[in-house]
Amino acid sequence: MAVNVNTVYTTVLYILNKEQRGYVTPAEFNSIADLVQKEIFNSYFPDANQQNRKNQNNTENDTEFFNMFKDIAYKLYPFEKEIAFTYDSANNSFYNAASDTIYKIGEVITTYNGQPKYQSITQLVSKKDFDKITRSKLTAPTKQYPLFITTNATPTGLENQLALVISPSPTAADSVSVNCITNPTSPIWGYNIGALGQYEFVDASIVGSTTVNFQLDISEQTNIIINILKYFGVVINDPTIIDVAAQEAQATEVNKKS
């Protein structure tokens, strides 16, 4: 379950009002909310590495609900996708034509649709090693054991997207799928301007709404609020304050609509 962007915004406004720190516009909130979500998302990877080292040293708690490594992996599930890459004849490569921006790539499967057909795990190597291996008859990759390097896509408008150069080179009749972690979508508190010039929230479920909820797990809600408040100069040492503020902000919101 994702974190509701309106719950976070109304809670932040409530606490800032209590602290007499002034008003935060939707544009200011959206900018900081995006930054905080990226910071929390990026923290998963070094945290997971640390927990994995504990697991290897047999110091990790492996009981059903207290395995921190599995907890972090669970939080990454919404961002794990398998993307089919598109063939680029001009560059003899396969690139990401999807709207998702890839953060990390995992397993790459190249399917050579010939006779016989091969579905091969493709190994990532450096550009230096790729050049050496592919030029040698003794070490040249095969359809059963292909290699790839990463580069940028060449089609106009997709220059920042990831592309793979694979050896042996697949054709347009072949396919490449990549298991990867994608970047979270930027959260947006969408709104309309009311008759009195006030900001009126438009829920994501309403057609035409620009609202985008946080993609982070619901367990990160308090963490998101605390980190947003830090950027606005409010440091909360007691997380229970967030819970109380969230409840009061929600009650105020319900009262407005009743």
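Me: What makes contacts in the protein count as joining residues at least 24 apart, and how many do?
Reply: Take the contacts between residues at least 6 apart in sequence: 64% of them join residues at least 24 apart. Keep in mind that this is a predicted model.

Me: Why is Thr-110 called buried?
Reply: Buried means under 20% relative accessible area. Thr-110 has 0% relative accessibility, so it counts as buried. You'll find Thr-110 in strand β3, which covers residues 102–112.

Me: How do you know that the side chains of Thr-110 and Thr-122 make a polar contact?
Reply: The cut-off for a pair of N or O atoms is within 3.5 Å, and the polar contact joining these two side chains is 2.7 Å. Leaving out residues up to four places away in sequence, Thr-110 also touches others, including Tyr-118, Ile-166 and Val-176.

Me: What makes a group of residues a nonpolar core, and which residues have the most contacts inside the largest one?
Reply: The residues have to be buried, of kinds such as Val, Ile, Phe or Tyr, and joined through side-chain atoms within 4.5 Å. The largest such core here has 28 residues, and Val-8, Phe-29 and Phe-214 are among those with the most contacts inside it. Helix α2 (26–56) is one of the elements giving two or more residues, and α2 supplies the largest share, eight residues.

Me: What does Phe-29 contact?
Reply: Setting aside neighbours within four places in sequence, Phe-29 is in contact with residues including Val-8, Trp-189 and Phe-214.

Key:
Residues are numbered from 1 along each chain as its sequence is written. This is a predicted model: local features need pLDDT of at least 70, side-chain atom pairs count only at pLDDT 80 or more; totals for chains, interfaces and linings use all residues. Side-chain values use heavy atoms; hydrogens and water are left out. Contact means heavy atoms within 4.5 Å. Helices (H or I, at least four residues) and strands (E, at least two) are DSSP runs, numbered from the N terminus. Buried means under 20% relative accessible area, exposed over 50%, partly exposed in between (1.4 Å probe, protein chains only). A polar contact is a pair of N or O atoms within 3.5 Å; within protein, one must be able to donate a hydrogen and the other to accept it, and residues adjacent in sequence count only if both atoms are side-chain atoms.
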